[in-house]
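Colleague: I would like a close look at a single part of this model. Please take one chain and go through it in order.

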Amino acid sequence: MGNQNPMRVCNLDLRVYVMSIFIDENICNGCRGLPEARCERICPGDLCYRKENMKAAIRDQSACWTCACCVKECPVQAIELRLPFQAYSNGASLKARLKRDRTIWTVWDAGGHQEEFIIQARRLKGD
Amino acid sequence: MGTMHIDADILIIGGGAAGCFAAVEIYKKSPNCRVVIMEKAHIERSGCLAMGLNAINAYLHSGQTPESYVSYVEREFEGVIRKDLVYTIAQGLNEVVKDVEEMGLPIEKTEDGTYKKRGKRSIRIFGERLKPILAEAVAKTGTQVLNRIVATNFIYDGDRICGAFGYGIRDGKFYVVSAKAVIVATGGASGIYIPNNPGEARHLMWYCPWNAGTGYAMGIRAGAEMTSFENRFIALRVKDVHAPTGTIAVGVHAKQINARGEDYLELYYKHLGGNKCLTQHRLLATVEEAKAGRGPCYLDTTTLNDADERRLKEDFLNMNPQIILLWASEGMDPRKKPVEIQGTEPFVVGGHCQAGYWIDKERRTTLKGLYAAGEVAGGAPKKYVSGTWVEARIAATTALEDIKGVSLEDVDGELIHTEKSRVLTPLTKKSGIFPSEVRERLQKIMDEYAGGISVNYALHEERLLEARRLLKCLKGRLKDMTAVNNYNLVEALECIDRVDVARVLVEHLICRKETRWACYQTRLDYPEKDDSRWLTFVNSIYHAETDEIKMVERPL
C-alpha cells in the first residue's frame, strides 16, 4: 500500500530529469538485501520508495525539500541534487560521498566545470 | 489492522534536536528508565536538522553572561519575553555545546583550543552530520526508537497526559504508547501560509516542510495553554533557495544593498538603528525598499576573495546545499552578481520567535504529565539549537523527578477506539477532498487574510475576522478528506493539525491590538507599539466541547 504513487496517474517519468533529485537507474542497485533502500529509509519526507524493478524512485518531486539526505546516504552515488528551477540552472548538479569522518561533495556547473569540496563531518577519537 | 501497545516510563514525541538530547540526558541520570522516542521520519535524518547546520547561534563567548544574553533577547523582542525561561537557557548553553562536541560534532577552534568567534553569540560548526551524530548518541542508550510512527493525539484521561497515540506509516498499525510522563519535542509549524516558492518547488522552504505543527495541535486539542502564536517568524533568506543570509552577512561580512547599490539600512533606516538594527527590521527594510521601487535587495558578495568564497561554499554545503547549485547555474556566480534576498512566508516556531506551550521554569506545560522542549515550547525566542538542548535537559530532569511514585494507567478501550477511527477515516472514504486541496485552501486563506507574503505580512481586523470564519468552515470539511495510501493519510493528518494551529494563530493575531514586532506582527489598524497596554503575553486555551478558543493575558 505504501508504494502506490497517487501522482503517477500517467507516465510522468520524464519529469525525473528536471526536478529536485535525479535517481540514475543505471547506477541504483536498490540496496538489494536490505529491507528498505537507504534513501527510502532516511528521507525525512518519506518520498523515496523502491519500485517493483528494485530501483529507487521519488513519489512526488514537488514535495522534495532538497535537503540532500538521500544524495549523501546513497552508497553508490546514484542520486544527485538538482534545482527545481532546472530550466535556468541548465544542468548544474551536485553529488556527495560520505566517509567515516568527512563528506566529499562534487559540483558541476552549467558549463560542465567540476569542483570538489572535502569537509570534516565528524570528530574521531583523539581529535 | 492491528493495535500495538507499548509501555514506557517517559515517552518523547519527536526525535529531533530536543528529543535526542532529552533521551541521552535521561539515560545519564537514570539508566534503567524506559524511554521511548516516537519519530515521524527516521531519527538519523529527520526534522530541521536533516539538512545539516553550519553555526550555533546561541553561545556565550568570554565576557558574556546569562544576564547579558537575556538583555539581548529582551531588546530583540521589544520587551516581551519570558526572562526566567531565557535565563535558564543561557545558563546551560556552553555546557550542552561541549556535550555535543564530545558526541562527535566538529567545531571551529582557535589555536588556544577555545571556540573561534563567528559572531557575537555565534560559533562555526561542521554540522552536515549533526543529526546522525545525535542519533548515534541515542543508540548508545537503551532508548526504544519508534521510527516512521506519526503521533496523532495525546492519551488524556481528563486529569493527566498518560501517553500518546500514533500511526505506523510503514506497518499500517495503530500505536498506543502508555507513559508516566510525555515530553513533546515535535518542532514548530510550516505550511500554514502560501510559500514563496510556488508549485513544483512548493517545499523549497526555510523550515522543514514536515514539521506540521503536530505537537502544537495535539496540545491545543487537549486544552493546553499556548502562548505568543502572534509572534510569527519570517526569515530573510537567499531568494529561491532559502539559504540563510547570516552565513554570508556574519560569515564573510557582506553588506545589504538595494537595487541602486545603496547601503539601504544605513541610508534610509537610520531611525531603526541602520546596520545595527533588530533582526525583524532588516526584513522590514527589505520589504519597504521593494514598496518604494528600490528593490530587489541583495547581499553584496561581489567583493569576496577566493578564500572567503571557498569558506562560504563549505558552510552552505553543511547546511543548504541547494545554493551551491544556484551559484553553479548560468550567470549566477556570487562574485559577479550579488545574492538576491527576500522574506519567506510566516512560520509558527518557538526557537526563533516564541510561539508555543506555556510552560513553567522546569518546562512543565499546563497539562499534568506533559513537558515541552525546543521549538514547541513558547516564551523563549532565539534559543536556536543549543537552547533547545538546554531545554531538553531541563525537561528531562523535571520529568524524571515527577514520575517518582507515578504508575502506568490502563488506557480506556473507548478512547483507543475513538482515536483509531478518527485517524483511519480518510482511508475508508472512496471519494472526498484530497489533502492537497485542503492545504492549498488553508494557505490561501492565511496568505490573503492573515498577513502572508501577498499582503506584505500586514494584518487588520476585518481580514482576520474573515480568516476566522473561513477556517471554521474549512475545519468542518476536514471529515470529508480521503486518502488512497499511508503517505496520503499522513498528509491528511497534517492538514488537520495545520488547521488547528492556524485557527489559534488567527485568534492571537486578532487579540493583540498594537504593532509589537515589525512584519512578524504588523497591524495596519493599530500601527503603534503600545507599552501602556500590551507589555503582556497573549495566551489561549481551546475548549473542544464548544469548539471555542478562549484568550487570556498573562503578565510579564
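What does the accessible surface of chain B come to, and what share of it belongs to carbon and sulfur atoms?

Modeller: The accessible surface of chain B is about 19200 Å², and carbon and sulfur atoms hold 51% of it; areas of this kind come from the Shrake-Rupley method with a 1.4 Å probe, and for residues only the protein chains shown count as cover. This is a predicted model, in which local features need pLDDT of at least 70 and side-chain atom pairs count only at pLDDT 80 or more, while totals for chains, interfaces and linings use all residues. Residues are numbered from 1 along each chain as its sequence is written, chains are lettered from A and ligands numbered from 1 in the order in which they are written, and side-chain values use heavy atoms, with hydrogens and water left out.

The C-alpha trace spans about 65 × 55 × 50 Å along the principal axes of chain B.

Chain B holds 16 helices and 20 strands, where helices (H or I, at least four residues) and strands (E, at least two) are DSSP runs numbered from the N terminus. Among contacts in chain B with a separation of 6 or more, 75% join residues 24 or more positions apart; contact means heavy atoms within 4.5 Å.

Against chain A, chain B contributes 58 residues to the contact and chain A contributes 57. The area buried between the two chains is about 5000 Å², with 57% given by carbon and sulfur atoms; buried area is the accessible area (1.4 Å probe) that two parts lose on being put together, summed over both. Arg129(B), Leu325(B) and Tyr487(B) supply 15% of what chain B buries there, more than any other three residues.

Two backbone details remain. Gly295(B) and Pro296(B) are joined by a cis peptide bond with omega about -5°, and Pro296(B) sits in the loop between α8 (279-291) and β13 (297-299) of chain B. Glu78(B), in the loop between α2 (66-76) and α3 (83-103) of chain B, has a positive phi near 55°. Glu78(B) counts as buried because its relative accessibility is 15%.

Methods:
Buried < 20%, exposed > 50% of the residue type's maximum accessible area, 1.4 Å probe, protein only.
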